[in-house]
Amino acid sequence: DYITRDLVASGELARLIREDGLRGMTSNPTIFEKAVSASGDYDDDIRRLGRKGRSAGEIFEALAVADVRAACDVFAELHRRTGGLDGQVSLEVSPELANDTEATIHEAHRLWEALDRPNAMIKIPGTREGVPAIEQMILEGCNINVTLLFGVEQYAAAAEAYIRGLERRRADGGGLDVHSVASFFVSRVDTEVDARLDALGNTELRGRAGLANARAAYRRCSAHLPRGPSAPL
């Protein structure tokens, strides 16, 4: 959950993959904001794009796409070796579109085409409006990382959207080598629940809700996994 230009350019990302078993990366606007503000590595590109009359949003997107694309290239061999199961790098659609299905689909299309990497993933929120966008993008062959997942039923809706997208894709004659992950929040659940527990004077259960919630989602997922020695864990 971290990406910077220097991490890629210095060879540190390649080392983490080779020596520490790193299997993928994700990003979000906050991560990129910290990377850009804390480093001079982006200054020349910002000035160049600014002179071309690009808006702040367009400059941000250009920087983010370049970094994610470069990280995808470093992960490419791992992605190939694992048959596409590992080695993905995620880029998020604008959080401001979380409640707009059509705009999310449009944004996901743009980012997927801009990245132009088979091991890229587009992060789409698992909101009520985001679920149809997840299904549509899976149908069209775009790898999706579902974010903003806080509850078990919300996770189930996202998982079902993934399955429906694959079913529709198969019916249209498309391949099923389209991948998706569910980024189920843990710490943010604890942040909210712990504040409510503190207000009630109950500290015994602090720090437990997020993991309990995640375990419940995992049980929901595991109930539908194939059984046997080769079944995924």
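Trainee: Why is R128 called exposed?

Mentor: This is a predicted model, and in it R128 has a relative accessible area of 71%. Exposed means over 50%, so R128 is exposed.

Trainee: What makes E129 count as buried?

Mentor: The cut-off for buried is under 20%. E129 comes out at 18% relative accessibility, so E129 counts as buried.

Trainee: How do you know that E129 forms a salt bridge with R128?

Mentor: The closest N and O atoms of E129 and R128 are 3.5 Å apart. The rule asks for a side-chain nitrogen of Lys or Arg within 4 Å of a carboxyl oxygen of Asp or Glu, so the pair is a salt bridge. By this rule the model has 21 salt bridges.

Trainee: Why are R15 and E12 called partly exposed?

Mentor: Buried is under 20%, exposed is over 50%, and partly exposed is in between. R15 is at 24% relative accessibility, so R15 is partly exposed. E12 has a relative accessible area of 27%, so E12 is partly exposed as well.

Trainee: What makes D67 and R5 a pair that ties together parts apart in sequence?

Mentor: D67 and R5 form a salt bridge, with the closest N and O atoms 3.1 Å apart. D67 lies in helix α5 and R5 in helix α1 (residues 5–9), so the pair ties together parts that are 62 residues apart in sequence. Both D67 and R5 are buried.

Trainee: On to α6. How do you know that the span of helix α6 is close to the expected one?

Mentor: Helix α6 covers residues 101–115, which is 15 residues. From its first C-alpha to its last, α6 reaches 21 Å, close to the 21 Å expected at 1.5 Å a residue.

Trainee: How do you know that the buried residues of α6 line one face of the helix?

Mentor: The buried residues are T101, T104, I105, E107, A108, L111 and L115. Looking down the axis of α6, they fall within an arc of 165°, so they line one face of the helix. On the other side of α6 you'll find E102, H106 and E113 exposed.

Trainee: What do the buried residues of α6 pack against?

Mentor: They pack against α5 (56–81), β2 (88–92), β3 (120–125) and α7 (130–139).

Trainee: And what goes on at the start of α6, and what follows α6?

Mentor: At the start, a side-chain oxygen of D100 comes to within 3.4 Å of the backbone nitrogen of E102. After α6 comes D116, with a positive phi near 55°.

Trainee: Zooming out, how do you know that the radius of gyration of the protein chain agrees with a compact globule?

Mentor: With 233 residues, a compact globule would have a radius of gyration near 17 Å; the protein chain has 19 Å, which agrees. The C-alpha trace spans about 55 × 50 × 40 Å along its principal axes. The chain holds 10 helices and five strands, and 39% of its 233 residues count as buried.

Key
Residues are numbered from 1 along each chain as its sequence is written. This is a predicted model: local features need pLDDT of at least 70, side-chain atom pairs count only at pLDDT 80 or more; totals for chains, interfaces and linings use all residues. Side-chain values use heavy atoms; hydrogens and water are left out. Helices (H or I, at least four residues) and strands (E, at least two) are DSSP runs, numbered from the N terminus. The expected span of a helix is 1.5 Å times one less than its number of residues. Buried means under 20% relative accessible area, exposed over 50%, partly exposed in between (1.4 Å probe, protein chains only). The arc is that of the directions from the helix axis to the C-beta atoms. Contact means heavy atoms within 4.5 Å. A polar contact is a pair of N or O atoms within 3.5 Å; within protein, one must be able to donate a hydrogen and the other to accept it, and residues adjacent in sequence count only if both atoms are side-chain atoms. The radius of gyration is taken over C-alpha atoms; the globule rule is 2.2 Å times the number of residues to the power 0.38.
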